[in-house]
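Subject: Handover of a structure with its ligand

Dear colleague,

Please find the structure below, handed over for your files.

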Amino acid sequence: MAYSYDDQNIFAKILRDEIPNDTVYETDHSLAFKDITPQAPHHVLVIPKGKYVCFDHFANTASDAEIVDYIRAIGEVCKMLGIPPGDGGNGYRLLSNAGQDGVQEVPHLHVHIVAGRGLGRMLNPAAS
Ligand code: 5GP
């Protein structure tokens, strides 16, 4: 089944400037802004400006220009936050939830960049 994009999702409204956001970085194809409910000292969401529901939708249908722009934007935000281990930072985690089992709340692709504290194990074994 093909993905169907909901134009009323909250990130679509952010992209249309219908609701405010705390932008940290913007390019032609991508927008990065602070999560409204941060889970760590650094918690930034990076979204493509195109209408993509989740990561595989984007990876399989976006243009090369959009994909390069998006991946570079994530790298740029990491640099801005001073978190890359290669630059002396303490590291970070990237997360992108998709669908029901991924517990995706907002149906517009977003990668969470979380950093600024020890983040523990990747998944909670008790929940498996
Ligand atoms: P998901 O569960 O879909 O991976 O994550 C959605 C994220 O969007 C959550 O971390 C939530 O805090 C964030 N969020 C939801 N609504 C808003 C909003 O209006 N503004 C911002 N900046 N973040 C939001």
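Which side chain does S30 meet in a polar contact of 2.5 Å? The partner is the side chain of D69. Please bear in mind throughout that this is a predicted model.

S30 itself belongs to strand β2. With a relative accessibility of 1%, S30 counts as buried, because the cut-off for that class is under 20%.

Two elements, α1 (10–15) and β2 (30–34), each give two or more residues to the shell around the ligand. Of these, α1 supplies the largest share, with three residues. In total, 16 residues surround the ligand, and D35, N97, E105, H110 and H112 are the closest. Sorted by class, the shell holds eight nonpolar, five polar and three charged residues.

From the backbone, an N or O atom of V103 lies 3.4 Å from a ligand oxygen atom. A backbone N or O atom of V106 is likewise placed 3.0 Å from an oxygen atom of the ligand. From a side chain, a polar atom of H112 lies 2.8 Å from an oxygen atom of the ligand. Taken alone, the ligand would expose 530 Å², of which the protein buries 87%.

Two further positions

P48 is found in strand β3, which covers residues 42–48. Is P48 buried or exposed? Its relative accessible area is 2%, and P48 is therefore classed as buried, the limit being under 20%. Along the chain, P48 and H110 are 62 residues apart, yet 7.5 Å separates their C-alpha atoms. H110 is also one of the closest residues to the ligand.

V68 is located in helix α3, residues 64–81. Its relative accessible area of 48% falls between the limits of 20% and 50%, so V68 is partly exposed.

With kind regards

How values were computed
Residues numbered from 1 in each chain as written. Predicted model: local features only at pLDDT ≥ 70, side-chain atom pairs only at ≥ 80, totals over all residues. Heavy atoms only, no water. Near = heavy atom within 4 Å. Polar contact = N/O pair within 3.5 Å; in protein donor to acceptor, adjacent residues only side chain to side chain. Areas by Shrake-Rupley, 256 points an atom, 1.4 Å probe, with all protein chains shown as cover. Helix = DSSP H or I, 4+ residues; strand = E, 2+ residues; numbered from the N terminus. Nonpolar A, V, L, I, M, F, W, Y, C, P; charged D, E, K, R; others polar. Buried < 20%, exposed > 50% of the residue type's maximum accessible area, 1.4 Å probe, protein only.
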